[in-house]
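Thank you for sending this model; my notes follow as numbered points. Please read them beside the sequence and the coordinates.

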Amino acid sequence: MPVARRTSRDIRSESRLIVVRALLAAGETTRNELAEDTGLSAATVSTVVGDLLKYGIAAETGLLSSGIGRPTTGLRLNADRGLVAGVYVEDRYFQATVFDTSLKRLANVRIRATEPVDTADAVIDWTGRILDAALGDAAASREDLLGVGVLLPGGMQRPVKSALASDAIWLHLDRLRDRLGLPVVVDNPLKAVATAELWLGAGRRHANLVVVNLGEGVGAGIVQDGTVMRGATGTAGEWGHSLLAFEGRECQCGRRGCVEAYVGVPGIRRTLTEIEPGHPVADVQGAKFVEALGAAADAGDAAAVAAVDRTAQYLGAALADLVAIVNPEHLALAGWTTFPLGERLLPAVRERVRADAPGDAAAELGIELSRSSGMEGIAAVALERFMRDVGLVTTRVLPAL
């Protein structure tokens, strides 16, 4: 099958996204600096900036002087163009975050329902309620929104088994859009955290990277050649359900020995109780468990230190397999368990990955902690959706439903 030729229209569309990402990274910059940062020609940058100014995506900030030569006009993303929002939906847990157009957080609301929210009607209702609560905290309304991104655990066309996933909503996306009265994109959190790293993190320096998201469950967002991998049915990156131990611990997906059963929060809790049954930290619930475990390890508690060290070995071994398959330039550890435990995990993880990865696959591999989150990622996708709607992005298939 012949490869379609790229037209000048295609190139300009891609260039607009490149410049938007560069503006996001820089905060404030100039046309000349954009050309240097992106590798685009000065003429292309000038044309693209003109397009972004026309549609209010970018704004000029006045004259900037470096002390040498003539002052030049500063540029930034136009934070006043409108708002975008992200909503995270789980079994009982909902979160909504409102951003301005420069992806600065304006408000964040979390709610935990008393009963599981497991029907499409209930998910749609809760999504609207928490979105309005976050907008209220931001002193805004739905009329201020350019778009909304919704994150749902599990697969898209063919949901992955998960106790956390309320997958019925995939079949009712039009109803969700009608209820909110807004442009809506829906994606898997792993793809969204990879998008956040691509737009805001290591993706600005590396075209091939993996973002490992560590929390109650675990998974990987994979970026190859600057594009988030999705797979045939949208489930690429479900690394947490790859095999770490044959006939090992039971996983919430129904299999035995999954990576998630060892490095997800329930797995870390089980490791601690195997080392010291009845350890008091094991009774701490939610995010406070990893905070308490990290504090106990820092205080020299032998069982806590051993649990963190063993978790690092499990994680390093599982990541070495991922490195062998994907061969990234950079590996980022993200998610809500990362920072209470990350500094303790990181040295052993690096050592294990470099020892176990085949050949020189990990010789130059960067392994770092990352604060990227799915909320920033899905907000970036919602912003890209808006750019498509006004005609600024014309060639890419939107990377979400």
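1. Two strands are taken to pair if DSSP finds at least two bridges between them, and helices (H or I, at least four residues) and strands (E, at least two) are DSSP runs numbered from the N terminus. On that basis β10 and strand β11 (residues 227–228) pair in the antiparallel sense over 2 bridges, with V223 standing opposite V228 in β11. The two strands form a hairpin with 2 residues between them, and D225 in the turn has a positive phi of about 50 degrees.

2. Some ground rules should be kept in mind, since this is a predicted model: local features need pLDDT of at least 70, side-chain atom pairs count only at pLDDT 80 or more, and totals for chains, interfaces and linings use all residues. Residues are numbered from 1 along each chain as its sequence is written, while side-chain values use heavy atoms, with hydrogens and water left out.

3. Strand β10 (residues 218–224) also pairs with strand β9 (residues 209–214), in the antiparallel sense and over 6 bridges. A hairpin of 3 residues joins β9 to β10, and V211 is found opposite G221 in β10. Strand β10 is mostly covered, as 6 of its 7 residues are buried, where buried means under 20% relative accessible area, exposed means over 50%, and partly exposed lies in between (1.4 Å probe, protein chains only).

4. Which residues does L322 touch, leaving aside its neighbours within four places in sequence? L322 is found in helix α10, and its contacts (heavy atoms within 4.5 Å) are V210, V212, A220, W239 and N327. With a relative accessible area of 7%, L322 is buried. L322 and A312 are 10 residues apart in sequence and 15 Å apart in space, C-alpha to C-alpha.

5. Helix α10 (residues 302–326) has 25 residues, which at 1.5 Å a residue should span 36 Å, and the 36 Å between its end C-alpha atoms agrees with this; the expected span is 1.5 Å times one less than the number of residues. At the start of α10, a side-chain oxygen of D301 reaches to within 3.1 Å of the backbone nitrogen of A303. Just after the helix, N327 takes a positive phi of about 55 degrees.

6. A separate point concerns the open sheet of 3 strands, which has the order β1-β3-β2 and antiparallel pairing. Its edge strands, β1 (29–30) and β2 (58–64), each pair on one side only. Helix α1 (residues 8–26) packs on this sheet, touching β1, β2 and β3, and its direction makes about 95 degrees with that of β3; axes here are lines fitted to C-alpha atoms, for helices over the stretch in contact, and angles run from 0 to 180 degrees between N-to-C directions. Strand β1 and strand β3 (residues 72–77) pair in the antiparallel sense over 2 bridges, and T29 stands opposite L75 in β3.

7. How many disulfides does the model contain? A disulfide is counted as a pair of cysteine sulfur atoms within 2.5 Å, and by this rule the count comes to 0. C253 is in no disulfide, and the nearest cysteine sulfur, that of C258, is 3.7 Å away; C258 is likewise in no disulfide. C253 counts as buried at 11% relative accessibility, and C258 is buried with a relative accessible area of 0%.

Notes:
A polar contact is a pair of N or O atoms within 3.5 Å; within protein, one must be able to donate a hydrogen and the other to accept it, and residues adjacent in sequence count only if both atoms are side-chain atoms.
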